[in-house]
Amino acid sequence: MFTQQLMNGITVGGIYAMIALGYTMVYGILKIVNFAHGDVFMLGTFLALFCTQTLGLGYWIAFPIAAAATAAAAMIIERAAYRNIRSADKLAVLISALGVSIFLQNLAQLVWGTGTHPFKSEIALVTFKIGGVTLSNIQIGIIILCLVLMGILYYTVTKTKIGVAMRAVSQSIPNARLMGVNTDRIISFTFGIGSALACVAGIFVGIYYDAVFPAMGYNYGLKAFAAAILGGIGSVPGAMIGGFVIGIVETLGGAYISAGYRDAFAFGILILVLIFKPSGILGKLRVEKV
Amino acid sequence: MKVSKFSLAVLSSTQKLALIIVVAGVLLILPFITDDYIKSICIQTCIYIILALSLNLVTGFAGQLVLGHAAFYGIGAYVAALLMIKINVNFFISMICGMAVSGLFGFLLSLPTLKLKGDYLAIVTLGFGEIVRLVFVNWTEMTRGPLGLSGISKPSILGFKFDSYTRFYLLALALVVVVVIFMKRLVESGVGMSMSCVKADEIATESIGIKPVKYKRLAFVLSAAFAGMAGAVYASYITFISPTTFVYNTSVTILAMVVLGGLASIPGTVIGALVLTMIPELLRFLNDYRMLIYGALMVIMMIYRPQGFYGAEKRVRNVFKKNSQRRSP
């Protein structure tokens, strides 16, 4: 039973990790929490739903299109709602992000209704029994794909030229600009990548749970944010670790302690981390300069 | 520093007094010349004004973005409701108890969170709001969960029952006046000044010997207490409460009122609450688009006018100039 829940937790954790990456990368660069990221994730999921069900496209075409569309949407949001107020009062940026979040969530509710939609995955469910634990091919697929995509992202950030540019921008925007980095473009790119990953995570949610709903942005987003904080916001490997931890703790807690309070575990962890170790597992403590 | 076109400070004292008398007159006559529907909207507006003013204290004046404000609203409501239903406590005492418990939770929430800055604080308060809501839903022994609590009595004092719309309206109005006066006095006092300093620049404030944590904590507690007051009034007004009233959307709506009306502006917040309560009633057909509009408005306001409709460009009071020479900068 325990190992079973553990595997379930890892699956969910991978999904949280992918969403958390979006939060952590944007925070690393702009030092703002992109409130709207959870809702962009939700938007991506519904775009994928739209592509597969309404447009009837096959999976291998629909999903990349959805991911690209989500990335584009995020870049538009960044341009419209964040770019001009980045330099201003922090509170203003926060409220603007909140406004985007509310707008997206209610837009989705208007278009698709507040209820739950089935995702109707065409993947035939095959279960494997390994030593008392039942794993489905979907679960294995999700875990492997999450690890692969995160690996690609990690490689991009650490080894490629654009990754160096991203890290430069996260350290200091004016200095990166002095070094010849087109900071606006890198920022857009970061938003885009984080959102594309979130879209893929959303597709996993759809296939795994066969249920998507407009409020999932809020729900998953908050937990992914907790994961990002837990791992150390601004740190890419941190977000990955945080995601898995939250997934495991939440699943085990929901199974052994209380199902009704399942959602509260992530919030509880969030509050505990912020009280005792705000820099998270892999984060660095930032000193506020006067 | 421009003088805001709509600033009340450009009026002389006599003009201000005249304005107050006119407005008071209209408000007092209102219940006797309008029907129950209008009165019910007014009562709802009064409740939201108190809520918005309470949030304005912590977000506008102390600069702490609180996203779980509906939790304090709910705590006040449930405490007052339970006292009135189970042990038949008088409304006014229940309301004060509700305020006290809400304030206590404001204090408890402030303990771990005041070390945090803007974004983190916002999310933690959001999480707090969610946890409180989950407690309302799951602690069925006390709250009856989703079924809610019904049969809450209307307020009464010494045998005089506020059981008509007119009477409740006047009570709500009286409470609003009390809250507005309290807020105004608080904000213009040394305490209020300290809070504004904390919002403007925390490090500078600390460097002149004012402890930011103390004032932020005070703002949290007071804001929670007044939200609790609004909750108690709501409970007695509708005579039924359930967890669905105290959700994230409610917190967002209250924030929208403060942001659109004018952060750190008392008249602005009142107007914000007025507008955002009345317009949805008048434009019922837009109900589905309401939250959508709030979200878009928040973004637009932050880009083009972050101080809200009514907020002044800068808020500085020159205490050394005489009244006649005072200009609103």
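Biologist: Which residues on the other side of helix 8 of chain B are exposed?
Modeller: Keep in mind that this is a predicted model. Helix 8 of chain B has buried residues as well, among them M195(B) and V198(B). On the other side of that helix, the exposed residues are G190(B) and A200(B).

Biologist: And why do the buried residues of helix 8 of chain B line one face of the helix?
Modeller: The buried ones, within residues 190-200, are G192(B), S194(B), M195(B), V198(B) and K199(B). Looking down the helix axis, they line one face because they fall within an arc of 160 degrees. In general, an α-helix has 3.6 residues a turn, so residues three or four places apart point the same way.

Biologist: Stepping back, what radius of gyration does chain B have, against that of a compact globule?
Modeller: Chain B comprises 13 helices and four strands, and 48% of its 329 residues count as buried. Its C-alpha trace spans about 55 × 50 × 40 Å along the principal axes. A compact globule with 329 residues would have a radius of gyration near 20 Å, so chain B agrees with that, at 20 Å.

Biologist: Over to chain A: are helix 2 and helix 4 of chain A roughly parallel or roughly antiparallel?
Modeller: The axes of helix 2 (residues 37-54) and helix 4 (residues 90-112) of chain A come within 9 Å and cross at roughly 25 degrees. Angles under 35 degrees count as roughly parallel. Therefore helix 2 of chain A is, relative to helix 4 of chain A, roughly parallel.

Biologist: Which residues of helix 4 of chain A make the contact with helix 2 of chain A?
Modeller: Helix 2 of chain A passes helix 4 of chain A in a left-handed crossing. From helix 2 of chain A, the contact uses D39(A), V40(A), M42(A), L43(A) and F46(A). From helix 4 of chain A, it uses S101(A), L104(A), Q105(A), A108(A) and W112(A).

Biologist: Last one: which helix of chain A gives the most to the side that touches chain B?
Modeller: In total, 34 residues of chain A are in contact with 31 residues of chain B. Helix 4, helix 9 (216-231) and helix 11 (262-276) of chain A each supply at least two residues of that side of chain A. With 14 residues, the one that gives the most is helix 4 of chain A.

Notes: Residues numbered from 1 in each chain as written. Chains lettered and ligands numbered in written order. Predicted model: local features only at pLDDT ≥ 70, side-chain atom pairs only at ≥ 80, totals over all residues. Buried ≥ 20, exposed ≤ 12 C-beta atoms within 10 Å, placed from the backbone. Arc of directions from axis to C-beta. Rg over C-alpha atoms; globule rule 2.2 N^0.38 Å. Axes fitted to C-alpha atoms, helices over the stretch in contact; angles between N-to-C directions. Parallel < 35°, antiparallel > 145°, perpendicular 65-115°, else oblique. Left-handed = near helix turned anticlockwise from the far one by under 90°. Contact = placed C-beta atoms within 7 Å.
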